[in-house]
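Have the sequence and the structure open as you read.

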Amino acid sequence: MAELHIIGQLTGAFGFPSQNLFCKWGVSAGRSWELLEGLDAGQTQLDLAPDGEPVVWAHPLDLHYACRGLAGWPKIFFQVWCQDIHGRNDICGYGFCHVPTSPGQYELDCPTWVPEGTLGERITAFFLGGNPRLKYEEVVYMPGDRFRLNTVASGIVQLRLGVMVKDFERNHVQFG
Amino acid sequence: MGDTIGPSAFTILATGQIECAQIPSCTNAYLKFQFVAGEDWQLLDGLEEGITQAARVPEGRDGVLVWNFPIDITYKTTNAFGWPQLVVAVYGLDMFGRDVIKGYGCMHLPMSAGRYNLTLRLFRPRSASALQSFTSWLTGMPAEFSDPKFPSYGEGREVTRVQSGGHVKVQINLLTKDMDVFGYVDGSGRDMATVTQM
């Protein structure tokens with residue numbers, strides 16, 4: 001049976017409106033993938049970075065999947081949250097990226113976006129906090145109905161991933 | 001299964017050095033490092049932990065602390081899960097001459113054979129309150145992780161609040177042996193424009 005190892009870390013992020021950030025992350029894979037070892041969801045530390053420097057999470061990722069079918073190749077999705085000086089958490093970005101399908105070592109930059117409300121809602125959010133959040137969070141990583149959603153671009157999440165596969169070539173899978 | 005008795009495990013060999021660090025407002029520091037690997041991993045050769053010398057930033061130059069500390073480690077395993085991580089902790093001297101933590105860093109060893117220049121960004125725990133940060137400055141005992149391997153864990157990180165600053169540069173050469181016998185493909189030898197500078 002073919003196996004996939006995803007080993008690396010959620011390095012950090014930059015370009016967000018706040019420098020005090022943490023990230024809730026998860027890995028979603030199709031029905032023919034089974035997680036043998038490792039954690040497929042988690043939350044990073046809350047890091048305060050100096051101005052101009054990227055936020056550092058250095059959160060280790062070590063997943064071991066068994067694969068019976070190629071459909072549903074794993075993808076990593078994130079929710080980046082910021083914490084203000086009063087200790088309130090607010091959503092700062094949603095994003096996802098597919099785990100690369102070729103074995104090797106990668107540095108990935110994943111762009112994120114945040115839902116935007118009307119002008120009135122944005123003015124209220126400026127004073128009271130409370131950015132609009134997604135009701136159905138699968139929208140971030142599932143292809144589907146997004147056309148009613150208005151979003152604005154947010155910062156970039158950095159990942160350093162190593163992908164290693166076992167017995168895929170024995171099953172005639174080409175990586176290129 | 002093959003006819004001949006093949007190797008029972010594959011091996012990885014990592015050599016290189018902990019080269020230097022640049023940490024704002026730190027002119028004198030040493031580094032403690034540790035390799036953390038999963039249960040299926042067995043150390044064959046090399047030191048899993050160590051301490052570098054105490055380095056000082058030279059006068060009149062950019063603030064670089066140079067250690068040039070050799071890393072040489074060989075592991076044997078049957079399972080790539082638990083791939084070794086390098087955890088570092090940099091301790092500096094405050095103005096009263098006491099050892100204070102300047103930052104922790106962590107990264108996995110690379111998975112493809114090759115030569116890498118890696119940067120570990122450092123972070124350290126934040127004090128819970130302004131009073132605690134003042135008393136820790138006074139007594140020379142800032143907040144530290146009680147378990148030095150904590151930066152390598154994936155669980156329990158959500159309750160930590162840290163501040164980041166500074167980085168450590170590490171060079172690693174990675175060699176693997178017998179991974180193809182186990183059916184592993186690690187992607188080395190491909191055209192990887194993104195690999196050499198991380």
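A:Arg88 counts as partly exposed because its relative accessibility is 39%; here buried means under 20% relative accessible area, exposed means over 50%, and partly exposed is in between (1.4 Å probe, protein chains only). Before going on, some housekeeping: this is a predicted model, where local features need pLDDT of at least 70 and side-chain atom pairs count only at pLDDT 80 or more, while totals for chains, interfaces and linings use all residues. Residues are numbered from 1 along each chain as its sequence is written, chains are lettered from A and ligands numbered from 1 in the order in which they are written, and side-chain values use heavy atoms, with hydrogens and water left out.

A:Arg88 has a salt-bridge partner, A:Asp84, with 2.9 Å between the closest N and O atoms. The term salt bridge stands for a side-chain nitrogen of Lys or Arg within 4 Å of a carboxyl oxygen of Asp or Glu. A:Asp84 is partly exposed too, at 27% relative accessibility.

Elsewhere in chain A, a network of salt bridges links A:Lys166, A:Asp167 and A:Arg170. How exposed is A:Arg170? Its relative accessible area is 62%, so A:Arg170 counts as exposed. A:Lys166, in contrast, is buried at 14%, and A:Asp167 is buried at 10%.

Here are the chain A pairs side by side:

| Salt bridge | N to O distance |
|---|---|
| A:Asp84 and A:Arg88 | 2.9 Å |
| A:Lys166 and A:Asp167 | 3.7 Å |
| A:Asp167 and A:Arg170 | 3.6 Å |

Over all chains, a search of the whole structure turns up nine salt bridges.

## Where the two chains meet

How many salt bridges does the rule find across the interface of chain B and chain A? The answer is zero. What the interface does have is 20 residue pairs in polar contact, both residues at pLDDT 80 or more. A polar contact is a pair of N or O atoms within 3.5 Å; within protein, one must be able to donate a hydrogen and the other to accept it, and residues adjacent in sequence count only if both atoms are side-chain atoms.

On the chain B side, β8 (99-108), β9, β10 and β11 (184-185) each supply at least two of the residues that touch chain A. That side is made up of 19 nonpolar, 14 polar and nine charged residues. For that tally, Ala, Val, Leu, Ile, Met, Phe, Trp, Tyr, Cys and Pro are nonpolar, Asp, Glu, Lys and Arg are charged, and the others, Gly among them, are polar.

Counting contacts (heavy atoms within 4.5 Å), chain B puts in 42 residues and chain A puts in 45 residues. Together the two chains bury about 3600 Å², 55% of it on carbon and sulfur atoms. Buried area here is the accessible area (1.4 Å probe) that two parts lose on being put together, summed over both.

B:Arg121 sits in strand β9 of chain B and, at 25% relative accessibility, counts as partly exposed. Its contacts, leaving out residues up to four places away in sequence, include A:Thr11, A:Pro54, A:Val55 and A:Val56 from chain A, and B:Tyr104 and B:His167 from chain B. The side chains of B:Arg121 and A:Gln158 make a polar contact of 3.4 Å. B:Tyr104 is 17 residues away along the chain from B:Arg121, with 8.1 Å between their C-alpha atoms.

## Strands around β10 of chain B

Strands (E, at least two residues) and helices (H or I, at least four) are DSSP runs, numbered from the N terminus, and two strands pair if DSSP finds at least two bridges between them. Strand β10 (residues 161-177) of chain B pairs in parallel with strand β5 (residues 46-48) of chain A over three bridges. A:Leu46 stands opposite B:Arg161, and A:Leu48 stands opposite B:Gln163.

Within chain B, β10(B) runs antiparallel to strand β1 (residues 10-22), joined by 11 bridges; B:Ile18 is partnered with B:Val170 there. Strand β9 (residues 114-125) also pairs with β10(B) in the antiparallel sense, over 11 bridges, and B:Leu120 stands opposite B:Val168.
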